[in-house]
Amino acid sequence: MPRESKKSKQARAEETCVRMEERYGHMESALDYTSPFTLLVAVMLSAQTTDVAVNKVTPELFARWPGPAELAQAELYQVEDVIHSLGFYRTKAQHAIELSQALISEYGGEVPRSMEELTRLPGVGRKTANIVLNKAFGIVEGIAVDTHVYRIATRLGFTKAPTPAAAEKDLLELIQKKRWHGVNETWIRLGREICSARGARCDECPLADLCPSAGQPDRYFKHKKR
């Protein structure tokens, strides 16, 4: 089978984004938040944990510590107790306190508005920073590639990168900048609804005709094992 040209991939990527925005673009964020700070913490907590699980703990978390000034002074064991149902809760509790302390000491209690500053905060990587910049401030500097986006991009043949973080570069080269803002939220929905880690339901997928892996969902898992 001949190698696909970059131009062809870009065309598939464009059509993919158009269809995903038509199907899921009207939906709100799955994470509950009320401010840039609560969004930042919620996204940080969501790593390797479902948004549903995060939404169960954040009401109490933010009721007790509504802003960085309060959370910066929290006792570690207290935060751990509130979020103990989440994966890696001890590390996340420590990061929540430390990033709050950094916001107070370095940014006057405000969430910064640049990738460089956000990724200097404890527990905040490029994926989290992309989401916060996009949703809180309308700033689009990249694409937040989580496990759902990575899985779909791999199955669509848009990346062969070994990690979600490395896959972002491939997607930025294929997808028009005007589409970047919607990729994470809409592709996540497809990943949860149809193209899951347990297996892709290709017969129900709106992207089946664009996907070289349609009918062969095991390709993603073979790729992961390499």
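Me: What makes the contact between the side chains of Glu-4 and Arg-12 a salt bridge?

Reply: The N to O distance between the side chains of Glu-4 and Arg-12 is 2.8 Å, and a salt bridge is defined as a side-chain nitrogen of Lys or Arg within 4 Å of a carboxyl oxygen of Asp or Glu, so the pair qualifies. The model is a predicted one, in which local features need pLDDT of at least 70 and side-chain atom pairs count only at pLDDT 80 or more, while totals for chains, interfaces and linings use all residues. Residues are numbered from 1 along each chain as its sequence is written, and side-chain values use heavy atoms, with hydrogens and water left out.

Me: Why is Arg-12 called buried?

Reply: Arg-12 has a relative accessible area of 12%, and buried means under 20%, exposed over 50% and partly exposed in between (1.4 Å probe, protein chains only), so Arg-12 is buried. Glu-4, with 28%, is partly exposed.

Me: How do you know that Lys-169 is exposed?

Reply: The relative accessibility of Lys-169 is 54%, and Lys-169 therefore counts as exposed, whereas Glu-173, at 39%, counts as partly exposed. The side chains of these two residues, Glu-173 and Lys-169, meet in a salt bridge with an N to O distance of 3.0 Å.

Me: Which residues are linked in a network of salt bridges?

Reply: Glu-14, Glu-21 and Arg-179 are linked in such a network, and the structure holds 14 salt bridges.
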